[in-house]
Amino acid sequence: MDLKDLKVKKRDGSIEAYQPDKLVRIAMAAGLTHNQALTIGTHIYDWVLTQSQPVPTSSIRDQMMTELTTIHQPAANLYLWYESTKHPPK
């Protein structure tokens, strides 16, 4: 499957292209080194390839948390905080 064929389903129901560079930027913003962020980006990309399309962004966020928790717990905590401010409970 080609990168351009990978799609995500956003919270509002819209569909957009999967953008692995977003995950790398988010991981670096959470405190990971560039190499650690690339590793997470690669792991999640490989995981997305195994999912039916489009992949819900909530599933990608869950996978991101799993990866961050494995590599760097403080970064996982920061990511969790960021997500809670971005998507406050209704």
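Biologist: Which residues of helix H1 (residues 20–29) are buried?

Modeller: Start with the term. Buried means under 20% relative accessible area, exposed means over 50%, and partly exposed lies in between (1.4 Å probe, protein chains only). In H1, the buried residues are Leu23, Val24 and Ala27. This is a predicted model, in which local features need pLDDT of at least 70, side-chain atom pairs count only at pLDDT 80 or more, and totals for chains, interfaces and linings use all residues. Residues are numbered from 1 along each chain as its sequence is written, and side-chain values use heavy atoms, with hydrogens and water left out.

Biologist: What counts as a helix or a strand?

Modeller: Both are DSSP runs, numbered from the N terminus: helices are H or I with at least four residues, strands are E with at least two.

Biologist: Where do the buried residues of H1 fall, seen down the axis?

Modeller: Take the directions from the helix axis to the C-beta atoms; the arc is theirs. For H1, the buried residues fall within an arc of 100°, so they line one face of the helix. The cover over these buried residues includes H2 and H3.

Biologist: How are two packed helices described?

Modeller: By the angle between their axes and the distance between the axes. Axes are lines fitted to C-alpha atoms, for helices over the stretch in contact, and angles run from 0 to 180 degrees between N-to-C directions. Under 35 degrees counts as roughly parallel, over 145 as roughly antiparallel, 65 to 115 as roughly perpendicular, and the rest as oblique.

Biologist: At what angle do the axes of H1 and H2 cross?

Modeller: At roughly 140°, and the axes come within 8 Å. H1 and H2 are therefore oblique to each other. Their crossing is right-handed. As for handedness, a crossing is left-handed if the near helix is turned anticlockwise from the far one by less than a right angle, and right-handed if clockwise.

Biologist: Which residues meet in H1 and H2?

Modeller: Contact means heavy atoms within 4.5 Å. From H1 come Leu23, Val24, Ala27 and Met28; from H2 come His34, Ala37, Leu38, Gly41 and Ile44. This contact has seven nonpolar, two polar and no charged residues. In this scheme Ala, Val, Leu, Ile, Met, Phe, Trp, Tyr, Cys and Pro are nonpolar, Asp, Glu, Lys and Arg are charged, and the others, Gly among them, are polar.

Biologist: How do the axes of H2 and H3 cross?

Modeller: Helix H2 (residues 34–49) and helix H3 (residues 57–71) have axes that come within 10 Å and cross at roughly 140°. That makes H2 oblique to H3. H2 passes H3 in a right-handed crossing. On the H2 side, the contact is made by Gln36, Thr39, Ile40, His43, Ile44, Trp47 and Val48. H3 brings Ser59, Ile60, Gln63, Met64, Glu67, Leu68 and Ile71. By class, the contact of H2 with H3 holds eight nonpolar, five polar and one charged.

Biologist: Is glutamine 63 counted as buried or exposed?

Modeller: Glutamine 63 lies in helix H3. At 17% relative accessibility, glutamine 63 counts as buried. Leaving aside neighbours within four places in sequence, glutamine 63 is in contact with Ile44 and Trp47.

Biologist: At what angle do H3 and H4 pack?

Modeller: H3 packs against helix H4 (residues 73–86) at about 150°, with the axes 6 Å apart. H3 and H4 are therefore roughly antiparallel to each other. From H3, the contact takes Arg61, Met64, Met65, Leu68, Thr69 and Ile71; from H4, it takes Gln73, Ala75, Ala76, Tyr79, Leu80 and Glu83. The classes here are eight nonpolar, two polar and two charged.

Biologist: Where does histidine 72 lie?

Modeller: In the loop between H3 and H4. Histidine 72 is partly exposed, with a relative accessible area of 26%. Histidine 72 and glycine 31 are 41 residues apart in sequence, and 8.5 Å apart in space, C-alpha to C-alpha.

Biologist: Which residues is isoleucine 15 in contact with?

Modeller: Isoleucine 15 is found in strand S2 (residues 15–17). Beyond neighbours within four places in sequence, isoleucine 15 is in contact with Lys7, Val8, Lys9 and Pro54. At 47% relative accessibility, isoleucine 15 counts as partly exposed.
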